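Colleague: I'm new to this one, could you walk me through a few of its local features?
Modeller: Gladly, let's look at it together.
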Amino acid sequence: MSAIDSHGSYTNLIEGWNYGFLILVIIIFAGIIGGLASYYLNESDDKSKIKSIVLGVAAAFIVPVLLNMISSNLLSDSQKRFDALFSFAGFCVLAAVFSRNFLENIYNKVLQQVGSINDKVKMMEQVTEEPDISDSERQSMGEVKGQLSEEDKTVLQSFANGRFAYRALPGLTKDSGLERSQVEQCLNKLMANQLVESKLNDKQQMRYFLSGKGRKLLGAMDD
């Protein structure tokens with residue numbers, strides 16, 4: 001059941017603070033009901049009724065966090081449709097029934113996301129931090145530079161000219177103006193010289209990026 005206006009679109013069933021209060025009531029009651037269900041389902045665990053209810057309410061309060069983490073629209077939809085509201089309530093009860101496992105899984109998921117964010121921040125800092133070049137490194141860079149062809153240098157320069165730190169093969173091919181096969185050969189040579197590194201993104205697609213040595217060589221080329 002839902003409220004639909006004259007234009008055929010959904011309208012809010014409850015507005016503002018009233019909706020927020022309703023969600024709060026649902027979470028608390030769902031937590032209590034789920035906590036009691038968990039207690040009676042696991043009486044052999046010597047867990048007290050109060051402890052089960054507390055864990056159930058805590059798990060129910062975490063449900064909106066989980067919905068936000070997975071980019072679900074269930075909470076916003078429940079303001080417009082009764083079926084979504086009942087689904088949200090059922091989700092809260094289910095989380096409360098399995099409160100211990102639910103809370104542990106959410107905790108681990110949050111830790112994973114925080115760790116992933118920290119890794120990305122560190123990687124961005126490494127990419128954006130300007131490296132210092134010593135005299136010995138300049139000499140070494142000069143030797144490496146002498147081993148590179150003009151095509152290798154063009155591909156290397158494409159990393160600096162692009163908008164992205166992690167480059168795809170088609171983008172490098174377009175920016176360098178070379179043939180795809182030439183770019184692949186250049187990348188293999190640059191990676192062999194530890195000037196470029198590669199990684200798989202979340203979609204298992206290959207991406208290339210400058211190593212610290214590669215950034216230093218680019219700086220030496222610009223000097």
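Modeller: A word on terms before we start: buried means under 20% relative accessible area, exposed means over 50%, and partly exposed lies in between. Please also keep in mind that this is a predicted model.
Colleague: Okay, so is Tyr-39 buried or exposed?
Modeller: Tyr-39 counts as buried, because its relative accessibility is 19% and the limit for buried is under 20%.
Colleague: And what about Tyr-40, how exposed is that?
Modeller: Tyr-40 has a relative accessible area of 45%, so it is partly exposed.
Colleague: How do the rings of Tyr-39 and Tyr-40 pair?
Modeller: The count of aromatic pairs comes to two. Tyr-39 and Tyr-40 form an edge-to-face pair, with 5.1 Å from centre to centre and 75° between the planes.
Colleague: Switching topic, what lies over the face of Tyr-166?
Modeller: That is Lys-199, at 5.3 Å from the ring centre of Tyr-166.
Colleague: Now helix H8, which residues there are buried?
Modeller: Helix H8 spans residues 169-176, and Leu-169, Leu-172, Thr-173 and Ser-176 are buried in it. These residues cover an arc of only 100° around the axis, so they lie on the same side of H8.
Colleague: What's on the other side of H8?
Modeller: On the other side of H8 you find Pro-170 and Lys-174, which are exposed.
Colleague: And what covers the buried residues of H8?
Modeller: The cover includes helix H7 (150-161), helix H9 (180-192) and strand S2 (206-210).
Colleague: Last one, which residue follows H8?
Modeller: H8 is followed by Gly-177, which has a positive phi, near 75°.

Terms used:
Residues numbered from 1 in each chain as written. Predicted model: local features only at pLDDT ≥ 70, side-chain atom pairs only at ≥ 80, totals over all residues. Heavy atoms only, no water. Phe/Tyr/Trp six-rings, centres within 6.5 Å; stacked < 30°, edge-to-face > 60°. Buried < 20%, exposed > 50% of the residue type's maximum accessible area, 1.4 Å probe, protein only. Lys NZ or Arg CZ within 6 Å of the ring centre and 35° of its normal. Helix = DSSP H or I, 4+ residues; strand = E, 2+ residues; numbered from the N terminus. Arc of directions from axis to C-beta. Contact = heavy atoms within 4.5 Å.
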